[in-house]
Structures are given as structure tokens and as C-alpha cells.
Amino acid sequence: MSTAKLILDGQEYEMPVTVGSEGEVGIDIAKLRAHSRAITLDPGYGNTGSCESAITFIDGENGILRYRGYNIDELAEKASFVEVAYLMIYGELPTHAELDDFRHRLSQHTMLHEDMKKFYEGFPPSAHPMSVLSTMVASLSTYYPNSDDEEDIDLNIIRLLAKLKTIAAFSYKKSIGQPFVYPQNHLDFVADFLHMMFAVPTEPYELSETVHEALDMLLILHADHEQNCSTSTVRMVGSSGADLFSTISAGVSALSGPLHGGANMAVIRMLKGIRDDGGDYDKYIAKAKDKNDPFRLMGFGHRVYKNFDPRARLIKDAADRVLARLGHSDPLLDIAKHLERIALEDEYFVERKLYPNLDFYSGIVYRAMGLPTNMFTVLFAMGRLPGWIAQWKEMRDQKSRIHRPRQIYTGYTERSYVPLDER
Ligand code: ACO
């Protein structure tokens, strides 16, 4: 299979076919408009490949997710988040020496410029941590200028990876009115973040191994997911030549929406709503199925997974484990499991292949860790950062053209200007 044919107005056009390493087939329409004046129309891009990529493979029909060829289950069980970040960005698992060096470099760039702390004073106490995150990430470009030098680019990558968790923790501290806790470079990546989040000057902070382990795994599960909304945004913005920080800030903004990363917060709001409404599951299942009701079962459904989301299974297990080890119980977990059971047997959800996604159980784990709901999407962004960086780097290395889709115009045809007093 090397070409595809399209017949348009009786004229035949031949287009090359690209086959990926897992057998995925793409019809290359790059010359279609030049030859035929026609474009393809695919609102929501469900059938459009925007790039070739060697980072993440998803087989949504079979519930497979692999980073650089490694199965997500294996990475979640055996690797650390920092190791996975290295794998994402540099393409291979690090050796001992490479990992030590990477960790050391990350530990040397954790502090924010002192002036950046003043930005936090300007945000209202009610500021959403995702808005603070995207603003602060964009502001890094004012401190660390853009450069085409590969060493400078790599340094900015390290800076961003190291500082994002400091920015995130500071925005949490600001939101609860506690003093900022500075990074501690002797702590590992996840321990340092938890320390900045939960330590206070008045008493020693004791790290919970259970929380540490669970957060490390959650970050791995979020590390990349091929060309989703925020990642495509990163590639889109980056294709203009915008600097790394501005580009990633755009990705953070895209992630914040409730149909994307913001869904983890929406799930908790929904579960609380069901609890407060007396736990009437059937009512909410009926609402989700009613086309005249805007309500959707948050944390259900996925553009790509039509079998199960492998990350959801791992997170569900983690939720059980974390709650048991911390000796917590969470009525929201029981509601979630109940809802899942009903939905998975309901014809509407079965027919549409709507399964719990990554966000359905992640909020329960975050709650057990003591994290407030409005920080959930920030944690998603922390996990997704290596993926965004890897995709940005790949896009640059591919010398990608500026991304610029076309459209089918459906507005007025030409008409004459009507003077103001005649309208
Ligand atoms: N509850 C009820 N019905 C749903 C749901 C849901 N959660 N999700 C999809 N459907 C229905 C749609 O109404 C549609 O029905 P129809 O064919 O009768 O019109 C059908 O299933 C297909 O749904 P689409 O919206 O076309 O699917 P799409 O791929 O565009 O959207 C999305 C995927 C955004 C994830 C959607 O399933 C959704 O809104 N889910 C809830 C929000 C959510 O959990 N988002 C997190 C996604 S994962 C992530 O970003 C990490």
C-alpha cells in the first residue's frame, strides 16, 4: 500500500501513504490543495495526523499506552518520574551516570528569581492556581531569553522542569496564606515538591512514603499522551518560533479546560454533588444520557480510548492502596465505584464505548494526599511537562513548518459597506 486515490469532480489525484512503526496508516495530503484546490475538513481533528512522532504510542482500541516503546504499566511500576522525564526528552532510559547528572542539574535550578515572588503578591487570593501557573511560566521568558544555541535550549529545559514545581507549590501557599517554603536541593524531585507544599516554619515536616510513591506514579501516568489538546497547542505555538516558556504556558492554559485536564476537578465536584443530592446515581446516569441536559459524566469517555484507559486502572488501584495505607476512607471513592459499575452496564455507555478515563480516580488519590481540589490540574501539568517539552523539542528538530490550518468559509459573499446613518 503506497498510494491512495481521490476522485474529485471526475479528476483523479494520487497521494502517498505513510505507515508508522506500529502499522498506523496516514494518507499524505500535503500536496492536495496545490493540485486540486480542495482541502480536507475535519472539525475536532479526529482523523487528522498533524505530525509524525516517535514519543508516545496509543492504541485506543486495545487500551495500550507506551512512552518511547515502554508500556505504561511497566514504567509506573518500575521507574521514577525523573527517569521517565529523561526518557521522554532525550529518547532513551538514562544510565546511572546520566540519571545522577540529570538529577543534579534539576536540583541546581529549583529556585525562582526573588523578584518573581512579587508577582504572587499581585494575584488575588482567589486566583486559580492554573491561571497563576500559566502566568508564572510565561514570565520565565523575561528572565531567561530565547536562544537557538542547543546548550542554552537544554538549560532552559532543565530550568523549566526544576522551577515548575516551585511555582506550583508557591501558588498553593499563596492560596492558603502560608509563607513560601523554599526548595531543598538534597531532596528528590517529588519529596522536594511535597516539602514545599506541606512544610510550615513552625514544625518539622514528615514525608509520607505512601504519598511520595503515589505521587511519583501519578506524575508518570500523566507524562505524555500524544497529540491531545494541550500538546497540539504546544506544537502549534512552538511552530511560530515562540520561546519554550511562552509555548509551555499556552499548553498549561489549554490543559485547564474542564474537557481536558480540568476534568479531574470536575469529577470531584460531580461526586460531591451526587453525594449531597442523596446519592441518587440513577438520576445522574439519566441526566448524562439526556441530550437536552448539558450534564456529562465527568471522567468518562475519551477521544482515543474505546476499550479502557490503562492509566485509569492503575489509578483506581492506587486509590485503594493509598486510602488503605493512610487509614482513610473516602465516601467519594465508594460513589465513584458505584457510578462506574452502573455506567459500564448501561447500554448508552456501552454502545458509545465510554469508559472511566485517567481523571475519574486521580482526584480521589489527590484528596487522600491532602491536596485541595483546585491544585489537581496543576499536578496534571507537572506530570505532563516532560511530554510537552519532548514534543516541542521533536517539533523543532523536525524543522516543522508553522502550523496553519485552512478553513471552509461559510460567511457572506462580497457586499457593500452601508453608511452608519443608513443602518
Ligand atoms: N457523559 C455522557 N455522554 C458522553 C460523555 C460523558 N462523559 N462523553 C461522551 N458522551 C457521548 C456524547 O454525547 C456523544 O454521544 P452521541 O454520539 O449520541 O452524540 C458520544 O458519547 C461521543 O462523544 P463526543 O463528545 O463526540 O466524544 P469526543 O471524543 O469529542 O469527546 C471527551 C471526548 C471530551 C473526553 C468526552 O467524552 C467528555 O466530555 N468527557 C467528559 C469530560 C472528561 O472526562 N474529560 C477528560 C478527558 S481525558 C483528559 O483530557 C486527560
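This is a predicted model: local features need pLDDT of at least 70, side-chain atom pairs count only at pLDDT 80 or more; totals for chains, interfaces and linings use all residues.
1. Where the lining comes from. Several helices each supply at least two residues of the lining of this pocket, namely α2 (72-78), α4 (96-107), α7 (150-176), α8 (189-198), α9 (209-221) and α14 (310-326). Which helix gives the most to the lining of the second largest pocket? That helix is α4, which contributes four residues.

2. A buried lysine without a partner. K173 is buried and yet has no salt bridge, for the nearest side chain of opposite charge is that of E203, at 9.7 Å. Leaving aside residues up to four places away in sequence, K173 touches Q178, P179, F180 and V181, and also M196, M197, F198, A199 and V200.

3. Salt bridges between residues close in numbering. The structure holds 21 salt bridges, including one between E114 and K117, in which the closest N and O atoms are 3.1 Å apart. Both residues of this pair count as partly exposed, because E114 has a relative accessibility of 42% and K117 one of 23%. R275 and D276 form another salt bridge, with an N to O distance of 3.0 Å. Here R275 counts as partly exposed because its relative accessibility is 35%, whereas D276, at 59%, counts as exposed.

4. A salt bridge between distant parts of the chain. R367 forms a salt bridge with D330, and the closest N and O atoms of the two are 2.9 Å apart. This pair links distant parts of the chain, since R367 sits in helix α17 (residues 358-368) and D330 in the loop between α14 and α15 (331-345), 37 residues apart. Are these two residues buried or exposed? R367 is partly exposed, with a relative accessible area of 25%, while D330 counts as buried because its relative accessibility is 8%, and the cut-off for buried is under 20%.

5. A salt-bridge network. Beyond the pairs described above, D148, E150 and R396 are linked with one another in a network of salt bridges.

6. K353 is partly exposed, its relative accessible area being 40%. K399 is likewise a residue other than glycine with a positive phi, in this case near 50 degrees. K399 lies in the segment after α18 (376-397) and counts as exposed because its relative accessible area is 72%.

7. The surroundings of V84. V84 is found in helix α3 (residues 81-90) and is buried, with a relative accessible area of 0%. Not counting residues up to four places away in sequence, V84 touches Y67, L75, A79, I220 and A223. The C-alpha atoms of V84 and G387 are separated by 9.6 Å, although the two residues are 303 residues apart along the chain.

8. The surroundings of M375. M375 lies in the loop between α17 and α18, and this residue is buried, with a relative accessible area of 0%. What does M375 touch, not counting residues up to four places away in sequence? The residues in contact with M375 on that count are P129, A168, Y172 and M197, and M197 is also among the residues that K173 touches. Between the C-alpha atoms of M375 and L164, which are 211 residues apart along the chain, the separation is 13 Å.

Notes:
Residues are numbered from 1 along each chain as its sequence is written. Side-chain values use heavy atoms; hydrogens and water are left out. Buried means under 20% relative accessible area, exposed over 50%, partly exposed in between (1.4 Å probe, protein chains only). Lys and Arg count as positive and Asp and Glu as negative; His and the chain ends are not counted. A salt bridge is a side-chain nitrogen of Lys or Arg within 4 Å of a carboxyl oxygen of Asp or Glu. Contact means heavy atoms within 4.5 Å.
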